[in-house]
Amino acid sequence: MRVIIYTGKGGVGKTSVAAATAVKLAEQGYRTLILSTDAAHSLSDSFQVALGSEPVRISERLWGVEVDSLRETEKHWGAVRNWLSGLMSWANLDDITTEEMLVFPGMEELFSLMEIRRHATSGDYDAIIVDCAPTGETLRLLSYPNLLRWWLEKVFPYERRLLKVVRPVAKVVAGGLELPGDNVLDSLASLVRQLEKLQKIIIDPAMTSVRVVVNPEKMVIAEARRAFTYLNLYGFNTDAIIVNRVLPAEAGTGYWSTWRDIHLKYEEEIRNSFSPLPILRIPMMESEVYGLPMLKRIGEAAFANTDAAAVLYRGKVQEIRKEEDGYVLELVLPFVQKDQHQLSQKGDELTVQAGPYKRKVLLPRTLLGREITGARFTEQKLTIRCENKTISNLHEEDE
């Protein structure tokens, strides 16, 4: 089983690239399912086929699904929402705005992602391509099971026993307030267990890869670096960057010459930001991308010399961990000889200069406001230490 998750800023062509990958894998002989968890579905438009909440055959060995987030929310959150609704009514907070608050932000996207596990374990498919919501932030939600598991094992049993004792008298004492029943508690416990099973699938680097789609544009690259940082932080294996809609060489004259120069500049920045990940390029097509023939062209352009189903990169390009005296940021810098390293920071952006090699990293919130106190380069890896106290002089430590 192979799971490939596509994410990226809205408007970069993420759906088209995901669809093209699915077409490519189906042609290679894989039973392939493409699954959209984006609330603003556009897979149907991309394939020119009406898709629904259950798999619809698109072509030989290719099926498509547009997850119904409302249906998945009702399935996983219905019992909890009904109890919350009763709680709001008891508190005389039963207007339309209150009803919207009964599903917490991000929960619908999370419930949609849970469909990955159902189809991955069904045995019906060899590969699942996921057209994810337009941000890597959605995947951060999948780190929550670690916390929820502790709550479920340590606190939940005591709360459950306490509720059984208190429930008979609480309604009288509280003037009609209903405490959550066993169906609500069972629903929460089931949700946590299913999230754990999903997490095991998507953090398995042998099974699941995340691929980030970008355009050669300033704001898109900044968003992609932010998503990439958090994907690494939470343990997801990013194995490629797809640069979509690159102006071809023949567009480099006349009116388009300035845009061609801009694209070349930002392609260099993309390499600086994401190397050593594979950088795959898709040129701007001469017409709109929809329908199987155009999607096939996109897939052939992206994976001309690459196996689309393979894990294209293994290991973390960057990693952040907490130690007793602060935090450590590790960056993989392959093919770089030990040389004078220079670090500069502007806001949440860290620039690493290692000889001729330049790398830009968007720092997570954890490291903002912390001074860089030391750096060491060994075994093709740059280790940067950050502490709470301010140290003005950056020093290089040799092993």
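P276 sits in the loop between α10 (257–274) and β8 (279–283). The model is predicted. The peptide bond that joins S275 and P276 is cis. Its omega is about 15°. Most peptide bonds are trans.

## Helix α10

α10 has 18 residues. From its first C-alpha to its last, the helix reaches 26 Å. That is close to the 26 Å expected at 1.5 Å a residue.

Which residues of α10 are buried? They are R260, H263, Y266, E267, E269, I270, N272, S273 and F274.

## A nonpolar patch

Y255, W256 and W259 make a nonpolar surface patch. The patch covers about 410 Å². Y255 belongs to the loop between β7 and α10.

Is Y255 buried or exposed? Its relative accessibility is 66%. Y255 therefore counts as exposed, as the value is over 50%.

Most residues other than glycine have a negative phi. Two arginines are described here with positive values.

R61 has a phi near 65°. This arginine is found in the loop between β3 (56–59) and β4 (62–66). Its relative accessible area is 26%, so R61 is partly exposed.

R245 has a positive phi of about 60°, although it is not a glycine. Where does R245 lie? R245 is in strand β7, residues 238–246. At 33% relative accessibility, R245 counts as partly exposed. The value lies between the 20% and 50% cut-offs, which is why R245 is neither buried nor exposed.

## Cysteines

How many disulfides does the model contain? The count comes to 0. The rule asks for a pair of cysteine sulfur atoms within 2.5 Å.

C132 has a relative accessible area of 0%, so C132 is buried. C386 has 6% relative accessibility. C386 also counts as buried, because 6% is under the 20% cut-off.

How values were computed: Residues are numbered from 1 along each chain as its sequence is written. This is a predicted model: local features need pLDDT of at least 70, side-chain atom pairs count only at pLDDT 80 or more; totals for chains, interfaces and linings use all residues. Side-chain values use heavy atoms; hydrogens and water are left out. Helices (H or I, at least four residues) and strands (E, at least two) are DSSP runs, numbered from the N terminus. Buried means under 20% relative accessible area, exposed over 50%, partly exposed in between (1.4 Å probe, protein chains only). The expected span of a helix is 1.5 Å times one less than its number of residues. Patches are made of residues with over 30% relative accessible area and no salt bridge: like charges are joined within 9 Å, nonpolar side chains (Val, Leu, Ile, Met, Phe, Trp, Tyr) within 5 Å. Accessible areas come from the Shrake-Rupley method with a 1.4 Å probe; for residues, only the protein chains shown count as cover. A salt bridge is a side-chain nitrogen of Lys or Arg within 4 Å of a carboxyl oxygen of Asp or Glu.
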